[in-house]
Structure formats: C-alpha cells, structure tokens
Amino acid sequence: MQDRFVKGEVIDITHFDGGCFAIKAKANIPPYSAGQFTKLGLMIDGKIVSRAYSFISHPDDDYQEFYLVEVADGILSPKLKALAPGDEIFLYKNANGLITHQRLPEANNLWFWVTGTGVGLALSLIKDRQIQKKYQDFVILHGITDATKIHYQQALADLGENVHYYPVVSRDPSTNLLQGRITHFYQGLQAHIPQPLAPEHSHIILCGNPAMINDANALLTEHGFEKHRTRTPGHITMERYW
Ligand SMILES: Cc1cc2nc3c(=O)[nH]c(=O)nc-3n(C[C@H](O)[C@H](O)[C@H](O)COP(=O)(O)OP(=O)(O)OC[C@H]3O[C@@H](n4cnc5c(N)ncnc54)[C@H](O)[C@@H]3O)c2cc1C
Ligand SMILES: NC(=O)c1ccc[n+]([C@@H]2O[C@H](COP(=O)([O-])OP(=O)(O)OC[C@H]3O[C@@H](n4cnc5c(N)ncnc54)[C@H](OP(=O)(O)O)[C@@H]3O)[C@@H](O)[C@H]2O)c1
C-alpha cells in the first residue's frame, strides 16, 4: 500500500472563509492531466490514511495544488487543514479520473454544475489549453450555502472572457447572487444566464455533492440530455465526491 504513495512536502497552505483551504505540495509524481484527481495521505498511527482530491494546479506547474473544505467530524480533512509548510504529505503515484480533454466530447459550450469544492474541477479543466481550444464558452453554476464559499471567482475570470461564473447560494438571502439550488431554476435559466444550455450544443459536467448529481441527472435526462459514455457519446459527465 505505502509503495503506491510518493512522499512530498507542503510548500504553502491558504486558509479561506467558510472552512475552505488550499494546499500546495511538491512531490515527485508522474505526469497527470487537467481534470484528474489523486489521493492525499497522512501517516497516522504508522499507516497512510488517504482521500481523493482534484488537482487545481496545471500539469505544467512544478507543484501540485488542491482546494478542500474541512468536513466537520471528518477523519482526514481536519488534519490536512492543520498542516503547515514543511510538513510531510503523501500523494498517490498515479492520478485517476476520466474527465480530461481526451475523453470529453465536442460541443459548443461546456457547462459545470458543481457544489462546494467541486468548483476546483472547473478551474483545473479550463486552465487546459486543449480544453480552451475545444469549447467556445464555459459556464459554471456553483452551488454553495453562502457567499463565504466563493474563492476562485477572480482566478476563473482571469482564464478568459469566455468563462462565465455564477455562484448560486442556498442559505444566504441577504446577497443579490442567484438564490436556491442549482437544480431549482432550470426552467427560468435563460432569464439569468445568456449562454444556451441544450443537448444540441452543450456538454455538462456534474461534480460534488452526490445528491445534487442524482437530482441534476434526473432533471437533465427529462430534458433530453444523456449520460456520456466512451462507446455511446452523450451530454452528461459526472464526478461524485462522496
Ligand atoms: C474523485 C474525488 C475527488 C474529490 N475531490 C475533492 C476535492 O477536490 N476537494 C474536497 O474538499 N474534497 C474532495 N473529495 C472528497 C474527499 O475525498 C473526502 O471525502 C473529504 O475530504 C472528506 O474526508 P474526511 O476524511 O475528512 O471525511 P470522512 O471521515 O471520510 O467523511 C466523509 C463524509 O464527509 C462528507 N464530505 C466528503 N467530501 C465532502 C466535500 N468535498 N464537501 C462536503 N462534504 C463532504 C460526506 O458526508 C462524506 O460522507 C473528492 C472525492 C472524490 C471521490
Ligand atoms: N470548518 C468550517 O469552518 C466549516 C464551515 C462551514 C462548513 N463546513 C463543512 O463544509 C462541508 C461542506 O458543506 P457545504 O454545505 O458547503 O457542502 P454541500 O453539502 O456540498 O452543499 C453545497 C451546496 O449544495 C447544495 N445541495 C445539496 N444537495 C443538493 C441537491 N440534491 N441538489 C442541488 N443542490 C444541492 C446545498 O444546498 P442546500 O443548502 O439547500 O442543502 C448547497 O448549496 C460540511 O461538511 C461542513 O461540515 C466547515
């Protein structure tokens, strides 16, 4: 088990509001693709305890970066949050995940319906030049409880004028952001978002909370979207975080 991990070092840790944080690490791992994930591990009682995390760094960067939330009562995430530069961290040798530019199908625009730290997947993919060439527009609906969970708005805007980021808050009526769950306003979507969402010209990535993915998948299926598979291309690609 332990030989599947590479020992690395934390080089930076950023603490954001809302219990979120970003870890920058340096470990000598083999190349990975934008959109993939690896496992981060810590040595606990002589064993590596690990969980999956999406890269938010670009594969060309000489470090690896991840965006996390501390899960209340979680086993690993509170310990990862307590790390400091110089601390030891283990990265799984081989990256995993099929949400890469090679696997995603052609479409005019690429949509993301993501919750919480699932927004990291959008950040990683849109940094990729192959992905930028493949799609004209990127539309990110980011489901979050409240505005304290918005941390990459500027980083996404910096990726280009074709990147459109829409936070949707479910428990923060005091803001003028889109209100509710991302699945709740499909019918009136065009009133809020000018970019079209339709199976003819969109591919949609669902990432994060599994309940959102189930609900979104059912809703989109009703509207003619189909699950994307290598052998039978469709319009929906999913990554459940738990
Ligand atoms: C492919 C993949 C990629 C992932 N990428 C990320 C990532 O980039 N960033 C990230 O923060 N997490 C990510 N996760 C989730 C991560 O692997 C852990 O499950 C999470 O950090 C909790 O670990 P823990 O040991 O603290 O909690 P555990 O003690 O293992 O408890 C797990 C419980 O925590 C809750 N939970 C897990 N993940 C989240 C989350 N992200 N937001 C809210 N609640 C959650 C669920 O209720 C779950 O049942 C990913 C998971 C998968 C499968
Ligand atoms: N350490 C800290 O300071 C701190 C602070 C806050 C939170 N946290 C931790 O952070 C973790 C993540 O919490 P989170 O609330 O951001 O994550 P989350 O449960 O993934 O919720 C994110 C968003 O997804 C929405 N959602 C949930 N189910 C959905 C569905 N079926 N369809 C559509 N949307 C759906 C939620 O809406 P609803 O609101 O309507 O459910 C919310 O807007 C928690 O484990 C918590 O313990 C830590």
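The model is predicted: local features need pLDDT of at least 70, side-chain atom pairs count only at pLDDT 80 or more, and totals for chains, interfaces and linings use all residues. Residues are numbered from 1 along each chain as its sequence is written, while chains are lettered from A and ligands numbered from 1 in the order in which they are written.

**Overall fold**
- You will find 6 helices and 12 strands in the protein chain; these are DSSP runs (helices: H or I, at least four residues; strands: E, at least two), numbered from the N terminus.
- The protein chain has a radius of gyration of 18 Å, close to the 18 Å from the globule rule for 242 residues, so it is as compact as a globular protein of that length. The radius is taken over C-alpha atoms, and the rule is 2.2 Å times the number of residues to the power 0.38.
- Of the 242 residues, 36% are buried, where buried means that 20 or more other C-beta atoms, placed from the backbone, lie within 10 Å of the residue's own.

**Two domains**
- The domain assignment gives domain 1 (2–92) and domain 2 (109–240); such bounds come from an automatic or database assignment.
- Between the domain centres, taken over C-alpha atoms, there are 24 Å.
- Their contact takes 13 residues from domain 1 and 13 residues from domain 2, with two residues in contact if their C-beta atoms, placed from the backbone, lie within 7 Å.
- On the domain 1 side, strand 5 (residues 64–69) gives the largest share, 3 residues.

**Strands that pair**
- Strand 1 (residues 5–15) and strand 2 (residues 20–26) run antiparallel and are joined by 6 bridges; strands pair if DSSP finds at least two bridges between them.
- These two strands form a hairpin with 4 residues between them, and Gly 18 in the turn has a positive phi of about 70°.
- Within this pairing, Glu 9 stands opposite Lys 26.
- Strand 1 also pairs with strand 6 (residues 88–92), antiparallel over 5 bridges, and there Phe 5 faces Tyr 92.

**Around ligand 2**
- Ligand 2 is surrounded by 22 residues, the closest being Gly 19, Ala 72, Ser 170, Ala 211 and Met 212; a residue is near if its C-beta atom, placed from the backbone, lies within 6 Å.
- Strand 8 (137–144) and helix 6 (210–222) are the elements giving two or more residues to this shell, and helix 6 provides the largest share, 3 residues.
- Domain 1 and domain 2 each supply at least three residues to the shell.

Terms used. A residue is buried if 20 or more other C-beta atoms lie within 10 Å of its own, exposed if 12 or fewer, and partly exposed in between; C-beta atoms are placed from the backbone.
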